[in-house]
Amino acid sequence: MAKRVQLVLNQDVRKLGKSGELVDVAPGYARNYLIPHGIGTLATAGILKQVERRKEQERQRLLEEKRQAEARKTALETIGRFTIRKQVGEQEAIFGTVTAADVAEAIQAATNQEIDRRGITLPDISKLGFYKAQVKLHPEVTAVIEIHVAPM
């Protein structure tokens with residue numbers, strides 16, 4: 001059986017790996033397809049150092065994103081309560097519902113922070129009152145805020 005060849009990928013390859021990853025492939029696949037098309041480069045000591053440096057830079061960037069998300073979480077939880085005004089009918093029932101877009105708009109008005117509405121999880125809100133909402137700021141950071149639904 002032939003020996004495997006180590007390559008560093010220059011671009012993403014489906015079912016093989018992402019750009020910058022070190023992969024083991026068959027020598028023929030490397031020699032006949034990956035290297036001639038510029039998809040991969042043979043792994044040498046210098047290239048391996050570059051790969052490690054890129055991985056470290058990516059790790060630092062991800063840590064910085066998480067730190068910023070933690071700071072945004074602290075800011076949101078310090079404010080704590082956001083008010084959304086809706087038209088009210090009988091028995092304090094509101095017309096329509098409170099959506100994630102309404103919450104994102106209220107947060108932006110209060111803090112000037114752009115929040116993705118897709119990261120906001122709300123309970124069913126059909127009456128006036130106080131409700132808890134979760135705002136996902138990062139895959140590992142979620143803030144819990146309070147929504148006050150008030151009449152117009």
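This is a predicted model: local features need pLDDT of at least 70, side-chain atom pairs count only at pLDDT 80 or more; totals for chains, interfaces and linings use all residues.
The model holds 1 aromatic pair. Y29 and Y33 form this pair, which is stacked. The ring centres lie 5.9 Å apart, with 5 degrees between the planes.

The largest nonpolar core comprises 24 residues. Within this core, L76 and I145 touch the most other members. Two or more residues each come from helix 2 (45-79), strand 4 (81-86), helix 3 (100-111), strand 6 (129-138) and strand 7 (141-151). Leaving aside residues up to four places away in sequence, I145 contacts L76, G80, F82, V103, I107, Y131, K132, A133 and V135. Another core, of 8 residues, lies apart from the largest one. Its members include L9, V23, V25 and L34.

Three strands make up an open sheet with antiparallel pairing, in the order 2-1-3. Strand 2 (22-25) and strand 3 (40-42) stand at the edges. Each has a single partner strand, so one side of each lacks a neighbour in the sheet. From one strand to the next, the twist averages 45 degrees. Strand 1 (residues 5-9) pairs with strand 2 over 4 bridges, in the antiparallel sense. Here V8 stands opposite L22 of strand 2.

Note on methods:
Residues are numbered from 1 along each chain as its sequence is written. Side-chain values use heavy atoms; hydrogens and water are left out. Rings of Phe, Tyr and Trp (its six-membered ring) pair if their centres lie within 6.5 Å; planes under 30 degrees apart count as stacked, over 60 as edge-to-face and the rest as tilted. A nonpolar core is a set of buried Ala, Val, Leu, Ile, Met, Phe, Trp, Tyr and Cys residues joined through side-chain atoms within 4.5 Å. Buried means under 20% relative accessible area, exposed over 50%, partly exposed in between (1.4 Å probe, protein chains only). Contact means heavy atoms within 4.5 Å. Two strands pair if DSSP finds at least two bridges between them. Axes are lines fitted to C-alpha atoms, for helices over the stretch in contact, and angles run from 0 to 180 degrees between N-to-C directions.
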